[in-house]
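Walk me through this structure, starting from its side-chain packing. Keep it brisk and give the cut-offs.

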Amino acid sequence: MAQRQRRQNHENHTWLLIMLAQLYQQVDRMPYKPPVTLGISALCLVAHLQPSAVALVSLDYSEHAICLAPAPIIAGGGDALLRLVGSAFVHGSDSHVYYNIASFIFKGVQLEQAMGPQLYAMLVGTMLLLSHGLVVLVAWIATFFGYTGWYNSCAIGFSAVIFSLKFILTQNGGEGAVWGVRMPNAYVTWAELVLIQVISPHSSFLGHLCGICAGAMYVYLWPIATVMLA
């Protein structure tokens, strides 16, 4: 998830198409082709390469009109739901959409194969609504402490959901690596949160953090709720 920036749809997308061709080869070699993950990835690509397609759900298809912006959402505008959900599928540049799609595919294939497409689709939808809802909630609470930066922010991208899925995947013990540095899996997502903010200061720290929190709520609270409702 990135803070709103001028979308680079004036590009000829040559770099993106080359990278997507390489990504396709890797996906083609996968023994399991995750339909939900690939479908969502395709949706992100269509929204990026053909932004006028967003006009099917919004008369104004600029990222400013569809980004995750807490202020207009809390104000209760007619576009609140579109901002809450649609902002995840809009990206600011070729590199933004490619790296999000690549990361999502390699995380999604593991969860979708384990859970099955139906349950996995429900998980992704829940993580999207929960992580973005937390962004709006935390931004609103921050205003009571005199900080309005998050409240007036405008973010786009699928990375909040990606962070939530990564947190879920790394809770099975073992070790992982961040830029070649080995560490327990439990710390990998947190290390990436800090690293991405260092190398890309314009990325949405709050969005990524809320994605992790959404994943944590699924990991730690969902089993309790299941027992209580049984």
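**Rings, charges and cores**

Trp15, Tyr98 and Tyr99 form one aromatic cluster. The model is predicted: local features need pLDDT of at least 70, side-chain atom pairs count only at pLDDT 80 or more, and totals for chains, interfaces and linings use all residues. Residues are numbered from 1 along each chain as its sequence is written, and side-chain values use heavy atoms, with hydrogens and water left out.

Start with the rings. A search of the whole structure gives 8 aromatic pairs. Rings of Phe, Tyr and Trp (its six-membered ring) pair if their centres lie within 6.5 Å; planes under 30 degrees apart are stacked, over 60 edge-to-face, and the rest tilted. One of these pairs joins phenylalanine 89 and phenylalanine 158. This pair is tilted, at 5.7 Å centre to centre and 45° between the planes. Phenylalanine 89 sits in the loop between α5 (80-86) and α6 (94-115), and phenylalanine 158 in the loop between β2 (155-156) and α8 (159-169), so the pair ties together parts that are 69 residues apart in sequence. Helices (H or I, at least four residues) and strands (E, at least two) are DSSP runs, numbered from the N terminus.

How accessible are these two rings, phenylalanine 89 and phenylalanine 158? Phenylalanine 89 counts as buried because its relative accessibility is 16%. Phenylalanine 158 is buried too, at 2%. Here buried means under 20% relative accessible area, exposed over 50%, and partly exposed in between (1.4 Å probe, protein chains only).

Tyrosine 147 and tryptophan 150 also form an aromatic pair. Their geometry is edge-to-face: 5.4 Å centre to centre, 85° between the planes. Tyrosine 147 is partly exposed, at 43% relative accessibility. Tryptophan 150 is partly exposed as well, at 27%.

Now the charges. Side chains of opposite charge can pair when their charged atoms come close. The structure holds 2 salt bridges. Each needs a side-chain nitrogen of Lys or Arg within 4 Å of a carboxyl oxygen of Asp or Glu. Arginine 83 meets aspartate 79 at 3.0 Å, N to O. Arginine 83 is buried, with a relative accessible area of 8%. Aspartate 79 is partly exposed, at 25%.

Lysine 166 meets glutamate 192 at 3.4 Å, N to O. This pair links distant parts of the chain: lysine 166 is in helix α8 and glutamate 192 in helix α9 (residues 185-199), 26 residues apart. Lysine 166 counts as buried, at 14% relative accessibility.

Lysine 166 also touches threonine 189, a residue of helix α9. Is threonine 189 buried or exposed? It is buried, because its relative accessibility is 0%. Leaving aside neighbours within four places in sequence, threonine 189 also contacts Phe163, Phe167, Thr170 and Ile212. Contact means heavy atoms within 4.5 Å.

Last, the cores. In soluble globular proteins, nonpolar side chains tend to be buried together. A nonpolar core is a set of buried Ala, Val, Leu, Ile, Met, Phe, Trp, Tyr and Cys residues joined through side-chain atoms within 4.5 Å. The largest has 42 residues, and Leu23, Phe158 and Leu165 have the most contacts inside it. At least two residues each come from α1 (14-28), α2 (35-49), α5, α6, α7 (117-143), α8 and α10 (205-229). The largest share, 9 residues, is from α7.

Leucine 165 touches Phe104, Leu111, Tyr120, Leu123 and Met127, not counting residues up to four places away in sequence. A second, separate core has 6 residues, including Ile66, Cys67, Ala69 and Ile156.
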